[in-house]
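Thanks for coming. I will take a few minutes to walk through one model, from the whole chain down to single residues.

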Amino acid sequence: MRIADLAGQRVAVWGFGREGRAAITAIRARLSQLPLTLFCSESEVSAARAFDASLVVHGNEPDAIALAAFDVIVKSPGVSAYKPALLAAGEAGIRVTSGTAMWFAEHASSRVVAVTGTKGKSTTTALIAHLARSLGVRTALAGNIGMPMLELLDQSADLWAIELSSFQTGEAGPVELGVITSLYEEHLDWHGSRERYIDDKLKLADVSRQLLVNATQPFLLERTARHPNRIVFGDVAGWHVSGGFICRGKQQVFEIARLRAPGEHNALNACAALASLEAMGLDAVAAAGSLAGFRPLPHRLQPLGEWGGLVWINDSISTTPQATLAALASLDGQKITVIVGGHDRGLDWSDFCVAMQARAPHAIVAQGANGPRIAQALYEAGVETTIEEVGDLAAAVTMAKALTPAGGIVLLSPGAPSFDQFHDYAERGRRFAEWAGFDNQGIIGIDGLGIC
């Protein structure tokens, strides 16, 4: 649905985060006189009225009766498509769209690389933009990574590198290349079940002319096997990691030690980005040298520095147990106290416990809403390391200071969302830095958002 199609319709916007504000602004730019109703939280009402005085603002979540008064609902990504009120609206013939869907309708002819995945999607998307720009390609970096596409509605680029969350993949239009970096269970509260989450992620495959997937994940290979134009990364025939190098087939192209983003998983993200460029007809081998200049994204295995005789690393973006395992693997062989836990989405921590049985860090501090459940699972698995359970992140930082030997590492890699204590993972990372003794203003935003 294009924005012009909203003319003469009764339109409600649901959500007043950055995506919701971008949708309102874009609609106003094209249809300045169109009446708009906004549904937001009670705490956002004053800000919404200040943002646009012409809005009719309701500080509550609408039910099916409230939505029945409209022809079109423009929902934000954080509003689950499976809410009963939205499902009822759809059954009643009310159009449900989003900023993502409207952008794709307006940009049907743009060259788009759309990236999704449980982990690695932000870094891979940013790497694609970074590498393409190193070749002189005018590239947009937008989407779930931190800039709604509608904020760039009337701008042009030769290549669009767009990150899509599992909330957005079903809203995307045709793309030249879809990339799936990994697939684990996550966001079960939004999707309702593991299988629905996987199905929603894989909706990107349905709209991708070419599909690039991670060859190191057999389940992902199996689920995408029928795509007519599927290519892979992480396989020895193409872009993969081997012997300390990023390789193209048998050719050693880039030494992993030169990457500023640590860990083999980040080297694999680089492989995904290079394979994406190649699939888009660009010279990936020529671009590979620019990997050395890529600045790691904040809150993703971000080294904060040394304080109090300890090294502190912020991996607040970690929201699954698998992400925590990847973080620990990247620091293998060092004395690590890892802080885990947060908002409880009911994810299964059994694989984490099995891994800890084989190779546990110096200490594990479990905190937050699911901290007791994680600690209990570790105890029951007989994990032989120090395990402490505390109430919140502030207490976890204090405990980690006491447990970690001089020269050791305190790693925040929660394996869970932040919503039990914080607005988002970024706030959690900033507070971790502050409590560790660092200037939390030093944790900057993501480089390169927008078009250049």
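First, the ground rules. This is a predicted model, in which local features need pLDDT of at least 70 and side-chain atom pairs count only at pLDDT 80 or more, while totals for chains, interfaces and linings use all residues. Residues are numbered from 1 along each chain as its sequence is written, and side-chain values use heavy atoms, with hydrogens and water left out.

Now the chain as a whole. The protein chain holds 17 helices and 21 strands. Here helices (H or I, at least four residues) and strands (E, at least two) are DSSP runs, numbered from the N terminus. For 452 residues, a compact globule would have a radius of gyration near 22 Å, and the protein chain agrees, with 22 Å. That radius is taken over C-alpha atoms, and the globule rule is 2.2 Å times the number of residues to the power 0.38. Along the principal axes, the C-alpha atoms fill a box of roughly 65 × 50 × 40 Å.

How many of the 452 residues count as buried? The figure is 54%. Buried means under 20% relative accessible area, exposed over 50%, and partly exposed in between, using a 1.4 Å probe and protein chains only. As for contacts, meaning heavy atoms within 4.5 Å, take those between residues at least 6 apart in sequence: 68% of them join residues at least 24 apart.

Next, the strands. Two strands pair if DSSP finds at least two bridges between them. Ala114 stands opposite Ile162 in S8.

Another parallel pair, also over four bridges, is S1 (residues 11-14) with S2. There, Val13 has Leu38 of S2 as its bridge partner. In a regular strand the side chains alternate between the two faces of the sheet. On strand S2 (residues 36-39), both faces are covered: Leu36 and Leu38 on one side, and Thr37 and Phe39 on the other, are all buried.

Now the single residues. Ser76 sits in the loop between strand S4 (72-75) and helix H4 (84-91). Its relative accessibility is 10%, so Ser76 counts as buried. Beyond its neighbours within four places in sequence, Ser76 is in contact with Trp14, Gly15, Glu19 and Gly20.

Asn269 belongs to helix H11 (residues 264-279). Is Asn269 buried or exposed? Asn269 is buried, at a relative accessible area of 9%. Not counting residues up to four places away in sequence, Asn269 touches Gly120, Thr123, Thr124 and Leu127.

Phi of His299 is near 70°, a positive value in a residue other than glycine. Leu301 has a positive phi too, about 50°, although it is not a glycine. His299 is buried, with a relative accessible area of 4%, and Leu301 is buried with 3%.
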